[in-house]
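Some words used for protein structures rest on cut-offs. The questions below ask what makes each word apply.

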Amino acid sequence: MSYDAGRIKCLENYRNLFLPVARRTTPQTGQAHDAQRNMTKSNSKTIIVAVTGGIAAYKACEVIRQLKKEGHDVHVMMTEHAEQFVTPLTFQTLSGNVVATNMFELMQGSQIGLIKLADESDLILVCPATANIIAKAACGICDDFVTTVLLATKALIVYVPSMNVNMWDNPITQKNVSVLGNRGHHFIEPGEGELACGYTGKGRLAEPELIVSKVLEILNNLRMKIT
Ligand SMILES: Cc1cc2nc3c(=O)[nH]c(=O)nc-3n(C[C@H](O)[C@H](O)[C@H](O)COP(=O)(O)O)c2cc1C
């Protein structure tokens with residue numbers, strides 16, 4: 001058994017320990033006894049969630065959970081700073097797939113797999129998107145795994161920004177957002193209110209339910225354009 005296959009098997013055993021009996025995976029087939037089984041292959045999309053180093057990184061857990069529940073194949077990649085907020089193990093458990101982090105751990109195979117997936121994925125969701133990742137993507141900087149995939153992919157990219165109100169309002173951030181928007185990338189705007197940093201204003205990550213419904217809407221529009 002390969003290193004990754006072993007990790008996934010281990011993960012499956014772990015998930016089965018905690019999932020209600022009705023939703024456990026069948027050991028022989030690996031198929032899940034839930035909504036995923038009812039989803040036809042044509043409806044199921046491959047989505048990569050890129051988690052970056054913002055305080056709202058924990059909210060990506062709920063987004064991933066809901067996307068999985070909708071029957072999509074979800075993979076996660078993280079920046080090094082994102083690992084300060086949520087561990088890869090959490091995302092690995094929720095997505096059921098190995099999480100890609102360090103670009104120079106290519107020997108593990110998961111990163112190579114993810115680069116291939118980046119080619120084949122339908123959508124990349126950057127959630128939360130820091131001011132930093134938006135700036136790097138707008139300039140084409142690719143100095144880590146996430147930014148490299150963002151530059152290399154031809155998939156739709158959806159950014160869900162979350163940051164301090166002054167960072168969001170900063171004309172540099174606004175210019176970066178419009179550069180990416182003009183290139184055809186999507187943004188799910190941050191909400192207004194009390195921010196984790198203690199400030200009040202625009203910068204809160206959109207609610208997970210809203211993020212998921214926008215992603216589904218974007219994927220649906222894509223399907224209608226293709227068919
Ligand atoms: C506690 C803490 C919370 C932070 N929250 C945010 C945030 O919500 N949004 C943001 O843009 N940056 C935030 N930052 C700053 C980013 O972590 C920093 O800009 C980092 O370089 C982002 O790296 P990444 O984009 O590669 O993940 C935070 C930093 C700390 C220490």
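What follows is a set of questions and answers on this structure.

This is a predicted model, in which local features need pLDDT of at least 70 and side-chain atom pairs count only at pLDDT 80 or more, while totals for chains, interfaces and linings use all residues. Residues are numbered from 1 along each chain as its sequence is written.

Q: Why is Phe-91 called buried?
A: A residue is buried if 20 or more other C-beta atoms lie within 10 Å of its own, exposed if 12 or fewer, and partly exposed in between, with C-beta atoms placed from the backbone. Phe-91 has 26 such atoms within 10 Å, so it is buried. In the protein chain, 36% of the 227 residues are buried.

Q: What is Phe-91 in contact with, leaving aside its neighbours within four places in sequence?
A: Two residues are in contact if their C-beta atoms, placed from the backbone, lie within 7 Å. On that basis Phe-91 touches Val-51, Ile-64, Val-76, Met-78, Val-86 and Val-99.

Q: How do you know that the buried residues of helix 4 line one face?
A: Phe-91 lies in helix 4, residues 88–95, and the buried residues of this helix are Phe-91, Leu-94 and Ser-95. Seen down the helix axis, they fall within an arc of 90°, so they line one face of helix 4. The arc is that of the directions from the helix axis to the C-beta atoms. These buried residues pack against strand 1 (46–51), helix 3 (59–69) and strand 2 (73–78).

Q: What makes strand 2 and strand 5 edge strands?
A: Two strands pair if DSSP finds at least two bridges between them. The open sheet has 5 strands in the order 2-1-3-4-5, with parallel pairing. Strand 2 and strand 5 (186–187) each have a single partner strand, so one side of each is left without a neighbour in the sheet. Strand 4 and strand 5 pair over 2 bridges, which meets the cut-off of at least two.

Q: What makes a set of residues a nonpolar core, and which members of the largest one touch the most others?
A: A nonpolar core is a set of buried Ala, Val, Leu, Ile, Met, Phe, Trp, Tyr and Cys residues joined through C-beta atoms within 7 Å. The largest has 53 residues, and Val-49, Val-51, Met-77, Leu-125, Val-126, Cys-127 and Val-160 touch the most other members. Strand 3 (residues 123–129) gives the largest share of this core, 6 residues.

Q: Which residues are closest to the ligand, and what makes a residue near?
A: A residue is near a molecule if its C-beta atom, placed from the backbone, lies within 6 Å of it. There are 15 residues around the ligand, and the closest are Gly-53, Gly-54, Thr-79, Thr-130 and Asn-132. Helix 6 (residues 131–139) gives the most to this shell, with 3 residues.

Q: How many residues of the shell around the ligand are charged?
A: Asp, Glu, Lys and Arg count as charged, Ala, Val, Leu, Ile, Met, Phe, Trp, Tyr, Cys and Pro as nonpolar, and the others, Gly among them, as polar. The shell has 7 nonpolar, 8 polar and no charged residues.

Technical notes
Helices (H or I, at least four residues) and strands (E, at least two) are DSSP runs, numbered from the N terminus.
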